[in-house]
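Here is a short briefing on a two-chain structure. Please look it over alongside the points that follow.

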Amino acid sequence: MIAVELFKLVRRPRTWISILLLCALPVAVAIFIAVTHLAPPPGQGGAFLSAVVQDGSLFPAAALALVLPVFLPVAVALVAGDSIAGEAAVGTLRYLLIRPVGRTRLLAAKLVTVIVYVLLAVVSVTLTSYITGVALFGSAPPEAVGRPGSLQAGIPTGGVQAGGSATSLSGARLTIMQLIERIGGAVALITVSMLGVAAIALFLSTLTDSVLGAAFGALAALVGSEVLVTLNAAAAIQPYLPTRYWLAWIDFFRQPVFWRDIQRGFGIQAVYVAVFLAAAWANFSTKDVTA
Amino acid sequence: MIVTRSLTKQYGAVLAVDSVDLDVRPGDRYGLLGPNGSGKTTLVRMLLGLVYATKGEIEVLGKPVPRRVSEILPEVGALVEEPAAYPHLSGRANLRLFDAAGPGGRRRDRRKRVDDALEQVGLGGIDRRPVRAYSLGMRQRLGLAAALVRRPRLLVLDEPGNGLDPRGIKDFRQLLIDLNAVGTTVFLSSHLLGEVELLCTRVGVLDRGRLVLQQDLAELQAPTGRVIVESPDVSRAVALLDGRVEARTEATMVVRHDDPAALNARLVGAGIRVTAMTAHHLSLEEIVLGLTGAGSDQVSGNHRPAAGPGGSEAVQ
């Protein structure tokens, strides 16, 4: 069943169009900056953007920061929201179930498919933006220009290196290996954050036969969370909001790595994933399929 | 093959299926009839484990539903309401995909089974066009092919004739009769009475969730003891038969008589010309309309009687 779902994923034009668009945005940004040399000054604009002019190999981080707030969650919510509701809407859900595909099995296969899609999207963005960054900005300018970021504002600046090492946000130098590890860590945290989104959308997808209803429901939850995260009066619940630690992956680029928020980010997403998957399973395995 | 005991499904305040005791025997061609909204589709969905019963038991192929559907359904082919397929893939790709999705469909002979099923429903020469471009009739044929891919012991078909033209319906009827002859039990729901009359050996009639009739069609359609006679000499015949004529028009009459041959001999012996003569059978339409009320899609202003032909226009 998992193989069938993966086949459906790769045969679906939507999968590739959405990933193409996700990759295209950072590329467009890189081209604009390369042509005009008007990178945002340190401390303003997108995270890492001021640094990439000096070091293209940091561009994956900047690209992830560009797609993370809106585009990535929208794409993930659509794919996850489509998983059950989409089958119900075209009527194929009942034919899968009487094939028979067990309900738990179907849900598991859908989950694996969503995970694969998220990984595919995040890794595609990382790779294309690395290639773009290095091609447009080079990877190793001779002199280091990095400086400690303005971390209080939550918008870090990056810096550079000489001879195959990047400079961390804290100014210390990172080797290429360290850089790869840290980008890997960032990809992992972002993927897990997106799985939180996916779990909410998957749960809603078992409630309704409308793909848009499920996808927008999940997005509404995220927007609501974003609003509360910036609201001081909501400080009491902020540690439990799904988007609270979304930007914690930036801490991978500090020296030494600032683990506190990263760990909390992984933790809170694990809880969201577990709770919403359990709810999705409980609802789907007991519901009357009338679609 | 299919046995239910006081099967009941309640949606909120609506009793969709009400204490149904269905009995479909091996080898039957069973037709489930009833007006729109009488609970046919809900019943079919419960048999397949899609909808869970509120009360009662279901046994399909001798095993309980929904507990053991994973063992039952690989041997069942089904069409539930409209057929469905992934619109961006071809019909063939759809059948292979569904076959690969569950148990009981071996990969080794998948290609052949899919091709055979397409051949059976008259789509053998189908090209690689996506299902999106299929006509209604082609989609229906594809849905039937999907039900046949694993050569099931039991076919459960909900409104299988939808979207087919008269020739398609005839081909399909013949296909079901042929499959039944080699051992496939056929259970279908329909509101096309004429179709069921031509195809089925046994019928069940649902009316507002209750099974109001379940019997062999041959018994239901046994001669009624009346003979319909066409003759240019109706007036003389009425005089001769003396009170046995129940109804008459210019050139036909309905005679109460058990033996059409003897009746014929008597009329001809008296010099009465007979142009046609048939033993009277109840049509399925008369039987079903007499048992069921109006369908749920009919909303009339004045309140109609609970049952009877007067309230049955919704049944086609």
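In chain B, 6 strands make an open sheet of mixed pairing, ordered β7-β8-β9-β4-β10-β11. Two strands pair if DSSP finds at least two bridges between them. The edge strands of chain B, β7 (76-79) and β11 (210-216), each pair on one side only. The model is predicted: local features need pLDDT of at least 70, side-chain atom pairs count only at pLDDT 80 or more, and totals for chains, interfaces and linings use all residues. Residues are numbered from 1 along each chain as its sequence is written, while chains are lettered from A and ligands numbered from 1 in the order in which they are written.

**Sheet of chain B**

- Neighbouring strands of the sheet are turned by 15° against each other on average, direction ignored.
- Strand β10 (residues 202-207) of chain B runs antiparallel to β11(B), and 6 bridges join them.
- R202(B) stands opposite D216(B), a residue of β11(B).
- Helices (H or I, at least four residues) and strands (E, at least two) are DSSP runs, numbered from the N terminus.

**Helices on the sheet**

- Helix α1 (residues 40-47) of chain B packs on the sheet and touches β4 (29-33), β8 (154-158), β9 (185-190) and β10 of chain B.
- The direction of α1(B) makes about 150° with that of β8(B).
- Helix α5 (residues 136-148) of chain B lies across β7 and β8 of chain B, at about 165° to β7(B).
- Axes are lines fitted to C-alpha atoms, for helices over the stretch in contact, and angles run from 0 to 180 degrees between N-to-C directions.
- Residues are in contact if their C-beta atoms, placed from the backbone, lie within 7 Å.

**Helix pair in chain B**

- The axes of helix α3 (residues 91-101) and helix α4 (residues 110-120) of chain B come within 10 Å and cross at roughly 125°.
- That angle makes α3(B) oblique to α4(B).
- Angles under 35 degrees count as roughly parallel, over 145 as roughly antiparallel, 65 to 115 as roughly perpendicular and the rest as oblique.
- From α3(B), R92(B), L95(B), R96(B) and D99(B) meet R110(B), V114(B), A117(B) and L118(B) of α4(B).
- This contact has 4 nonpolar, no polar and 4 charged residues.
- Ala, Val, Leu, Ile, Met, Phe, Trp, Tyr, Cys and Pro count as nonpolar, Asp, Glu, Lys and Arg as charged, and the others, Gly among them, as polar.

**Chain A**

- Chain A has 10 helices and 2 strands, in the pattern α-α-α-α-α-α-α-β-β-α-α-α.
- Of its 291 residues, 50% are buried (20 or more other C-beta atoms within 10 Å of a residue's own; 12 or fewer is exposed, in between partly exposed).
- The axes of α1(A) and helix α7 (residues 103-137) of chain A come within 9 Å and cross at roughly 45°.
- That makes α1(A) oblique to α7(A), and their crossing is right-handed.
- Residues of α1(A) in this contact include I2(A) and L6(A), and those of α7(A) include V112(A) and V116(A).
- By class, the contact has 7 nonpolar, 1 polar and 2 charged residues.

**Contact between the chains**

- Chain A supplies 21 residues and chain B 22 residues.
- On the side of chain A, α1 (2-11) and α6 (92-97) are the elements that give two or more residues.
- α6(A) gives the most, with 5 residues.
- The side of chain A divides into 12 nonpolar, 4 polar and 5 charged residues.

Notes
Contact = placed C-beta atoms within 7 Å. Left-handed = near helix turned anticlockwise from the far one by under 90°.
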